[in-house]
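Subject: Structure for your review

Dear colleague,

Please find below the structure that I am handing over to you. My findings follow it, and I would be grateful if you read them with the model open.

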Amino acid sequence: MENEKHHIVPYRVYILVLIGLLALTFLSIAITEIELGSLSVAGALVFASVKSYFVLKYFMHLKYDKPYIVTMVLFVFAIFVVTIIVTFLDYLFR
Amino acid sequence: MEQEKHVVHDHYDAEASKIGMWLFIFTELLLFGVLFVIYAVYRYLNHDAFHLAAEELDTFIGAVNTIILLISSMTIAMATTALQKKNKMLTIVLAGITLVLGFVFLVNKYFEWGAKFDHGIFPGSVHLTEALSQGEILFFGLYFIMTGLHALHIIIGLVLIAVVMWKVHKGKVHAERAALLENSGLYWHLVDIIWIFLFPLFYLIH
């Protein structure tokens, strides 16, 4: 029996995560203000990825879930990455 | 006592509900994922036009909406904690804050789209098809489809949260039966994650 199925996440954790997410948002706005050319696309995407990592891990409870759910999430992201790679292999080498 | 009877009669399986929700979220991720792939390809093919078109978008309103969604994500996550701590009132208040923030997001979106429409930028408009280049038409097409589909998800999320609030109020969702609140929360966070990518791709990169 799994009676304590859920780890109760303290409010404090959520507040800290929100502060982190807001900081990353402002940083990403600041960094794209600078003209970095194609680097700014990469920069913005890195910031977005870090932010969604925190949302997945803390807000969506993956940190406290059983590992198989994390595995499934990683699998879906792997499918997505493969789709991008295959699509761009096509467009880049036409 | 009544609740105990319920547990005997209903098949309640929090873990199965969660897996089901995640499977649904995967389909959503791939739905938006493919739209992002389309965006990436057209951006690659129409680099300059995308830059030019993105200048039209208001970074400030996009940033405000990002902040709104991030805060609302925190409040709905906190609502689950409150429910698990058996604080019914706080659960409803936190879910209510999420509801209000989601509504404010939509109001911002309304004014943002309204401003575009006033400038003659909407799908199939004369200005769009005659005055702008192919790449800019693609940019605005993707902009309206992706933020529109995202706004539709916000509306669905708001309905879900309203239903959850009602059920918490009625005592049908409580600490031992929290799956509906948790899964609505997961859906709301998904909507948040999609916006986390939409914001830089449409508003920031120019």
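How many residues does the contact take from chain B and from chain A? Before the answer, please note that this is a predicted model. The contact takes 47 residues from chain A and 47 residues from chain B. Between these two chains, an area of about 4,200 Å² is buried, and carbon and sulfur atoms give 79% of that area.

The two chains

Chain B has eight helices and zero strands. Along the principal axes, the C-alpha atoms of chain B fill a box of roughly 70 × 30 × 25 Å.

For chain A, the domain assignment gives domain 1 (1-60) and domain 2 (66-94). The C-alpha centres of domain 1 and domain 2 of chain A are 21 Å apart.

Salt bridges

Side chains of opposite charge can pair when their charged atoms come close. Over all chains, the structure holds five salt bridges. Between chain B and chain A, the count is two. One salt bridge is formed by A:Asp65 with B:Lys18, and the closest N and O atoms of this pair are 2.5 Å apart. Where do the two partners sit? A:Asp65 is in the loop between α2 and α3 of chain A, while B:Lys18 belongs to helix α2 of chain B, and the pair thus crosses between chains.

The largest pocket

The largest pocket has a volume of about 970 Å³. Its lining is made up of 32 residues, and those nearest the centre of the pocket are A:Ser49, A:Phe77, A:Phe80, A:Ile84 and B:Phe197. Which elements supply at least two residues each to this lining? In chain A they are α2 (38-59) and α3 (67-92), and in chain B they are α2 (14-45) and α8 (179-204). Within chain A, domain 1 (1-60) and domain 2 (66-94) each contribute at least three residues to the lining of the largest pocket. Sorted by class, the lining of this pocket has 25 nonpolar, four polar and three charged residues.

The largest cavity

The structure also holds three cavities of 30 Å³ or more. In the largest cavity there is about 100 Å³ of space. Residues of chain A in its lining include A:Phe59, A:Met60, A:His61 and A:Asp65. Among the lining residues from chain B are B:Lys18, B:Trp22, B:Glu182 and B:His189. The elements giving two or more residues to this lining are α2, α4 (59-84) and α8 of chain B. Of these, α8(B) gives the most, with four residues. By class, the lining of the largest cavity divides into five nonpolar, four polar and three charged residues.

Please note one link between these sections: A:Asp65 and B:Lys18, which form a salt bridge, are both found in the lining of the largest cavity.

With kind regards

Definitions and conventions:
Residues numbered from 1 in each chain as written. Chains lettered and ligands numbered in written order. Predicted model: local features only at pLDDT ≥ 70, side-chain atom pairs only at ≥ 80, totals over all residues. Heavy atoms only, no water. 1 Å grid on protein atoms, 1.4 Å probe; cavity = no way out; pocket = protein on both sides within 12 Å on 5 of 7 lines; lining within 4 Å. Points joined across faces, edges and corners; volume = space filled by probe spheres on them. Nonpolar A, V, L, I, M, F, W, Y, C, P; charged D, E, K, R; others polar. Domains from an automatic or database assignment. Contact = heavy atoms within 4.5 Å. Buried area = accessible area lost by both parts, 1.4 Å probe. Salt bridge = Lys/Arg side-chain N within 4 Å of Asp/Glu carboxyl O.
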